[in-house]
Amino acid sequence: MAALAGGALLAVYYGRQSSAGSDQAARPTVAPREPGILRYPAGAPQLSALKVAEVSELPVPLAEPLNGRIAYNEDFTARVSSPIAGRVVALKAQTGDAVKAGNSLLALDSPDLAQAAADLDKAKADETRKQLAFERAKKLYEGEVVPRKDFESAEADLAQARAETQRARLRLRNLAPGGSPGDSYSLRAPISGVIAERKANPGMEVRPDLPDPLYIITDPKRLWVIIDLPERNLGKVAEGNPVSVEVDAFPEERFSAKIAKVGVTVDPATRRIQVRCDLPNPDMRLKPEMYARVTLLANENQRAVRVPNNAIVTDGMYSYVFVEKSAGVFEKRRLSLRLQDRNFSYVASGLTAGERIVTSGALLLNSEMSAAN
């Protein structure tokens, strides 16, 4: 009986030892062999919860990103309306079409154009009649048949007729700059560009006082960014300073622009100043009326490594990130921050461009390191 009881005790002992050994083997984390280092074997479950990305150097901002709006560059935009009343009989250009200055946009059936042509013919006929009257009066005056006042009156009538002919000619040229008006009025593009908007429709009655233009023509490769700058940041901006533009459509990209004009007045209700920036758009991906986040930059030569704020862990008074040294090996490194906004921090020292850091899961690693120590 004693032998049986001893065997049972040994079985229980060895069973507990075997269970403890298997629990230790199941643990994926290996205690760090040197301070500030975490090592994980390949396939460790912790690795699936981490996101690692390479950091890069970017220009240092002067302030937190500001809300902005992309708009047409009005220096390269024309809003085209009809100078005369009429009815649209043909559309010659559609939205998205590229046009050159002088191209026809639409044709109008316009009584005003016919009236302008008739006025010119009438003015020419009147000038011819008064020219003949002036020549007769001149001969009679030279022959001392009529007094000087009759000659001067005929001369004044001729000058008035010539002025009326010139007025009618300029009016018709304004309505039909391409030459002969023909049977309809042709509305033409004043500048070269791309048709961004079209409000004209076949059969539409148009007049000069319509609230909206019939066409908007612009150069989509040149845009503006409009910023409402807080009054406190006015001393940080000047014409020619660089800015960085981000939009939701392309979250990983930053577009370069420069401040073109700073407003001269402060809005008394919002305490903000309007700032306009020139934004090149060579690939035409950015569109007018997009919302944007605009960052004021000190200088393109002043650059620092940018890291997302969720990659930073705070320990006491200091900030840290986890740098991937190799597969499964992470170093907890202290940073000195130069500037921090709502989404990103700019590093003064402790990190260099090209290094890979944990951007998601840094708190998990920090907990693992605290437990290991």
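Colleague: Which residue of S11 stands opposite Gly 86?

Modeller: The general idea is that strands of a sheet pair through backbone hydrogen bonds, either parallel or antiparallel. Here, Val 206 in S11 is the residue opposite Gly 86, and Glu 205 in S11 stands opposite Arg 87. Strand S6 (residues 86-91) and strand S11 (residues 205-206) pair in the antiparallel sense over two bridges, and two strands are said to pair if DSSP finds at least two bridges between them. The names come from DSSP runs numbered from the N terminus, with helices being H or I of at least four residues and strands being E of at least two.

Before we go on, please keep in mind that this is a predicted model, in which local features need pLDDT of at least 70 and side-chain atom pairs count only at pLDDT 80 or more, while totals for chains, interfaces and linings use all residues. Residues are numbered from 1 along each chain as its sequence is written, and side-chain values use heavy atoms, with hydrogens and water left out.

Colleague: What is the order of the strands in the open sheet?

Modeller: The order is S9-S8-S6-S11, four strands with antiparallel pairing. Strand S9 (185-188) and S11 stand at the edges with a single partner strand each, so one side of each has no neighbour in the sheet. On another side of the pairing, S6 is joined by four bridges to strand S8 (residues 104-109), which runs antiparallel to S6, and Arg 87 has Asp 109 as its bridge partner in S8.

Colleague: Which strands make up the closed barrel?

Modeller: Six strands form the barrel, in the order S4-S13-S16-S15-S14-S17, and their pairing is antiparallel. Neighbouring strands of this sheet are turned by 40 degrees against each other on average, direction ignored, where axes are lines fitted to C-alpha atoms (for helices over the stretch in contact) and angles run from 0 to 180 degrees between N-to-C directions.

Colleague: Why is S13 described as largely enclosed by the rest of the structure?

Modeller: The reason is that seven of the nine residues of S13 are buried, where buried means under 20% relative accessible area, exposed over 50%, and partly exposed in between (1.4 Å probe, protein chains only). In the chain as a whole, buried residues make up 35% of the 373 residues.

Colleague: Is Lys 130 buried or exposed?

Modeller: Lys 130 counts as buried because its relative accessibility is 18%. Lys 130 is found in helix H3 (residues 111-142), and, leaving aside residues up to four places away in sequence, Lys 130 touches Asp 157, Leu 158 and Ala 161, with contact meaning heavy atoms within 4.5 Å. By comparison, Leu 339 in strand S21 (residues 329-340) is partly exposed, with a relative accessible area of 26%.

Colleague: How is a pocket read, and what volume has the second largest pocket?

Modeller: On a 1 Å grid over the protein atoms alone, a pocket is an open set of points with protein on both sides within 12 Å along at least five of seven lines, whereas a cavity is a set where a 1.4 Å probe fits but cannot get out, and lining residues have an atom within 4 Å of a point. Grid points are joined across faces, edges and corners, and a volume is the space filled by probe spheres set on the points. The second largest pocket has a volume of about 250 Å³, and its lining includes Asp 228, Pro 230 and Arg 272. Strand S4 (66-72) and S13 are the elements that give two or more residues to this lining.

Colleague: And how much space lies in the largest pocket?

Modeller: About 570 Å³ lies there, and of the 24 lining residues, Pro 251, Glu 252, Arg 306, Pro 308 and Phe 344 are the closest to the centre.
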